[in-house]
Amino acid sequence: MSDPKSIYLVDIEYIAETDAVMAQLDAHMEFVGAGFGRGDFLVAGRKMPRTGGIILARGPSKTAVEELMATDPFATSGVAQITVTEFWAGTVQDGLAVALDQALI
């Protein structure tokens with residue numbers, strides 16, 4: 001079990017041509033929307049330049065987040081490589097700290 005202040009940085013890196021990535025985009029966005037609906041995801045967005053995306057996630061363990069992300073259509077279709085890094089949010093801006101504390105309960 002992870003520390004309650006643990007957050008997971010999910011790094012999505014495209015490894016396929018743009019057309020192949022775009023073919024999976026709607027399914028990926030449905031996956032992301034479901035993750036927000038369940039409370040698994042805190043923040044998500046694309047990288048600039050558009051080489052992939054970043055998700056800040058929460059979960060009971062790094063393994064659980066990795067297993068969840070393995071079901072992302074970007075992963076199942078092979079268009080992206082996904083890396084999950086656990087970090088402890090030890091220093092947080094005040095307003096964000098309140099929001100994170102509520103999200104991590």
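Guide: What follows is a conversation about terms, cut-offs and the values behind them.

Guide: This is a predicted model, in which local features need pLDDT of at least 70 and side-chain atom pairs count only at pLDDT 80 or more, while totals for chains, interfaces and linings use all residues. Residues are numbered from 1 along each chain as its sequence is written, and side-chain values use heavy atoms, with hydrogens and water left out.

Visitor: What makes a stretch a helix or a strand, and how many are there in the chain?

Guide: Helices are DSSP runs of H or I with at least four residues, strands are runs of E with at least two, and both are numbered from the N terminus. The chain has four helices and four strands. Along the sequence their pattern reads β-α-β-β-α-α-β-α.

Visitor: How do you know that S1 and S4 pair?

Guide: Two strands pair if DSSP finds at least two bridges between them. One example is Tyr8, whose bridge partner in S4 is Glu86.

Visitor: Which bridges does S1 make with S3?

Guide: S1 pairs with strand S3 (residues 52–57) over six bridges, in the antiparallel sense. Val10 stands opposite Ile55 of S3, and the bridge partner of Leu9 in S3 is Leu56. S3 is also joined to S2 by five bridges, again antiparallel, with Val43 bridging to Leu56. A hairpin through five residues joins S2 to S3.

Visitor: Why are S2 and S4 said to stand at the edges?

Guide: The open sheet of four strands has the order S2-S3-S1-S4, with antiparallel pairing. Strand S2 (41–46) and S4 each have a single partner strand, so one side of each is left without a neighbour in the sheet. Neighbouring strands are turned by 15° against each other on average, direction ignored; the axes are lines fitted to C-alpha atoms, for helices over the stretch in contact, and angles run from 0 to 180 degrees between N-to-C directions.

Visitor: What does helix H1 touch on the sheet?

Guide: Contact means heavy atoms within 4.5 Å. Helix H1 (residues 18–38) packs on the sheet and touches S1, S2 and S3, its direction making about 160° with that of S2. Helix H2 (residues 62–69) also packs on the sheet, touching S1, S2, S3 and S4, with a direction at about 155° to that of S4.

Visitor: Why is Val79 called buried?

Guide: Buried means under 20% relative accessible area, exposed over 50%, and partly exposed in between, with a 1.4 Å probe and protein chains only. Val79 has 5% relative accessibility, so it counts as buried. Val79 is in the loop between helix H3 (73–76) and S4. Its C-alpha atom is separated by 6.7 Å from that of Ala20, 59 residues apart along the chain. Not counting residues up to four places away in sequence, Val79 touches Glu13, Tyr14, Ile15, Ala16, Ala20, Val21, Gln24 and Phe74.

Visitor: Why does Lys47 count as buried?

Guide: Lys47 is at 16% relative accessibility, so it falls under the 20% limit. Lys47 is found in the loop between S2 and S3, and its side chain reaches the backbone oxygen of Ile12 at 3.5 Å. Leaving aside neighbours within four places in sequence, residues in contact with Lys47 include Asp11, Glu13 and Gly52.

Visitor: What makes the peptide bond between Met48 and Pro49 stand out?

Guide: The bond joining Met48 and Pro49 is cis, with omega about 5°. Most peptide bonds are trans. Pro49 has its place in the loop between S2 and S3.

Visitor: What makes a set of residues a nonpolar core, and which members touch the most others?

Guide: A nonpolar core is a set of buried Ala, Val, Leu, Ile, Met, Phe, Trp, Tyr and Cys residues joined through side-chain atoms within 4.5 Å. The largest one has 17 residues, of which Val10, Ile55, Met69 and Phe74 touch the most other members. S1, H1, S3, H2 and S4 each supply at least two residues of this core. Beyond its neighbours within four places in sequence, Phe74 is in contact with residues including Ile12, Leu25, His28 and Ala80.

Visitor: How much of the chain counts as buried?

Guide: Of its 105 residues, 30% count as buried.

Note on methods. Polar contact = N/O pair within 3.5 Å; in protein donor to acceptor, adjacent residues only side chain to side chain.
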